[in-house]
Amino acid sequence: MAKLKQSNQSFLQDLLSFQGSLNGKSQFLDEVRLKGAEEVKNIPFPHRKDEDWRFISLRDLYTDDYELATRLDVSVPDISEHYLPESEGSRMVFVNGVYSEEHSQAEALPDEVEIGNIADLASEDHPLLKEHLGKYGNFEDDVFSSFNTAFLDDGAFIHVPKGVKVDAPIHLLFVQTEADVNYFATSRCLVLADESSEVTIVEDYIGLGDNKYFNLPVFEVNLEEEAYVKHTKIQRESKEAIHLARTGAFVAKHANYESYTITRGAKLSRNEPRISQRDEEVEFTVDGLVLIDGDQVSDTHSVMDHRFSHAESHQLHKCVINGKAHSVFNGKIFVRKDAQKIDSFQENRNLLLSRKGLVNTKPQLEIFADDVVCTHGATIGQLEEEEMFYLKSRGLNDQQARELLIYAFALETIENISVESVQKLLVDEVHKFTERQLDSQLTA
Amino acid sequence: MLEVKDLHVCVEEDPSEKILKGVNLTIGKGEIHAIMGPNGSGKSTLSKVVAGHEAYEVTQGDILFEGESILDLDPDERAHKGLFLAFQYPVEVPGVTNKTLLRQAYNTIAKEQGREELDPIEFEDYINERLNVVDMKPEFLDRSVNAGFSGGEKKRNEIFQMAVLNPKLSFLDETDSGLDIDALKIVANGINQIADEEKSVVMVTHYQRILDYIQPDHVHVMLDGKVVKSGDKDLALKLEEQGYDWLTDLASVSVNGEQN
């Protein structure tokens, strides 16, 4: 008889039994994992009665059995089609959570840049890794980031020292393969951008099959004074996958953190970017583009925490929803008591292409200072009949007209991404997306 | 080229709202027509119905283009046959450049008409040459379609699109309204360059003003959903001097009559 999971509360705790297989390589990591496991036991699993979880169901997650991804023995297919030409010499690849040295390259990076696998660096007691790991996650009472920590092993570590500007974008490619069993992965990245450094990171999740697995990634980035980090995240997990991700960024004086998150894959996905201002005069951008159809669910819960004076922040979150897909947005903007002269922009725009699609959107301002400019808003709209008529009267067929309008809607996010091949890839994704939605319309 | 026969049209969402009540109109090859009339007479609706706007329903009559009914065709299929509508209120499409839209439109029409499509370099040459028709700078091509354009720029862009797409028959829906005299001259000059023995143009307008620069072969007056009078360009001058009142008794069903 199949084993029945009675309780979502014990779901993650039960999986901790896989933890033992990781121990013994690094005392540091053993301790980190132990601490993570303790937290998993103490933090309650999210419930729909929790305000932050009321719009999505995690049932798909906890009603299955899973194997630890790194224990799987699978042959790796050719993945070179997913490489970015700009990152031929600056790439780290992880397959089912395991660092793949043969697929990774670092020769295009300046010598001063430290890049490596977290597990390897931990076994060498790398001082910076030990000092900074877990410092920027800042996800108190979050069982998923604790679970990630409880399985901390392979992962990406990048350190860009003072004054170093890295031209080549660093591509962090997390590949999940097909497998006979459901499995789980806990991707992890730590990026340290020292004073006046500059780096571009492309965090890229790809599912090669249609199989079920879950991934709970944690991405930590620290920007010291005048650092400039451009961070693009692309999520194209398998259409049966569950992807619940956290990004924690600390931004010091005169630093600029620019992030663009593209959500295209997974049956259920959630992004929780948390940007925390650490000093005066910073800039940050937390833009997002979500393209979902079928029965996909995408949830973005972001926090922009303005803690000091003089910050400029920008969040444009755009969603295109088709089929029975469901998009959730909750953007929290905090402006602390002494954080004056804050200029914050937030907008969530939704393009609903079907009758059965669903949007929940909740911009949320909590302002305790008085000299601030915060604009926020949310819109839900459809393709305008008049726009379609205009383009069709110019000879464009239905598919071309829709594609052009969806592309135009999405472009505002895409065009700011500095890596050209990523832009192209996203235009391609928009194309595939509109093609699919036309198909479903014709068969409906 | 175009025959509108006893065309009755209502609003799709509200069939009781009848806008066209039996329009008859014949446009020959190479002819320039002007359709005039006060607000609400149905002239803009006629243009949109010919182009295939889905908000209207044809309840009676037919529209023949080159001898075939086009009522069952989508707006894009009508464009492929060589129909064009210059919009009264051109739509803004932020994020899509004029060049992108026009190349896609041009090549789609070319393909449907069995002509050769142009590659990006050939199209660049072609489109740059067409800019001269409306006296526009090449930078214009890389701007988003109508986004942030002034009213005059939007109207010029409509004529530019017409110059690029090279339609057989164009309806220009109040292309002259909102233009200052300089812009009006440029637009009129553009239209004159495009119209030739092969191509027909229908100008829908309130005012006689643009007809100082474009000589129509025929002028029609629409009132209350019908063409009530047709004539030559002198008719436009008469309308300019005397207004529409002298024509109202020609409308067989007056507005009041219908309400009763």
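Among contacts in chain B between residues at least 6 apart in sequence, what percentage join residues at least 24 apart? Hi everyone, the figure is 71%, where two residues are in contact if their C-beta atoms, placed from the backbone, lie within 7 Å.

A quick note on what you see above. This is a predicted model, so local features need pLDDT of at least 70 and side-chain atom pairs count only at pLDDT 80 or more, while totals for chains, interfaces and linings use all residues. Residues are numbered from 1 along each chain as its sequence is written, and chains are lettered from A and ligands numbered from 1 in the order in which they are written.

Let's look at chain B overall. It has eight helices and twelve strands; these are DSSP runs, with helices being H or I of at least four residues and strands E of at least two, numbered from the N terminus. Its radius of gyration is 18 Å, close to the 18 Å from the globule rule for 260 residues, so chain B is as compact as a globular protein of that length. That radius is taken over C-alpha atoms, and the rule is 2.2 Å times the number of residues to the power 0.38. Of the 260 residues in chain B, 43% are buried, meaning that 20 or more other C-beta atoms lie within 10 Å of a residue's own C-beta, placed from the backbone.

Now find helix α1, residues 43-51 of chain B. Nine of its nine residues are buried, so α1 is largely enclosed by the rest of the structure. Among them are Lys43(B), Leu46(B) and Val50(B).

Next, the partner chain. In chain B, 22 residues are in contact with 17 residues of chain A. On that side of chain B, α3(B) gives the most, with five residues.

Last, a helix pair. The axes of α5(B) and α6(B), lines fitted to C-alpha atoms over the stretch in contact, come within 10 Å and cross at roughly 10°. That makes α5(B) roughly parallel to α6(B), the label for angles under 35 degrees. Which residues of α5(B) meet α6(B)? They include Ile159(B) and Met162(B), and on the α6(B) side Ile186(B) and Ile191(B) are among the residues met.

Technical notes
Buried ≥ 20, exposed ≤ 12 C-beta atoms within 10 Å, placed from the backbone. Axes fitted to C-alpha atoms, helices over the stretch in contact; angles between N-to-C directions. Parallel < 35°, antiparallel > 145°, perpendicular 65-115°, else oblique.
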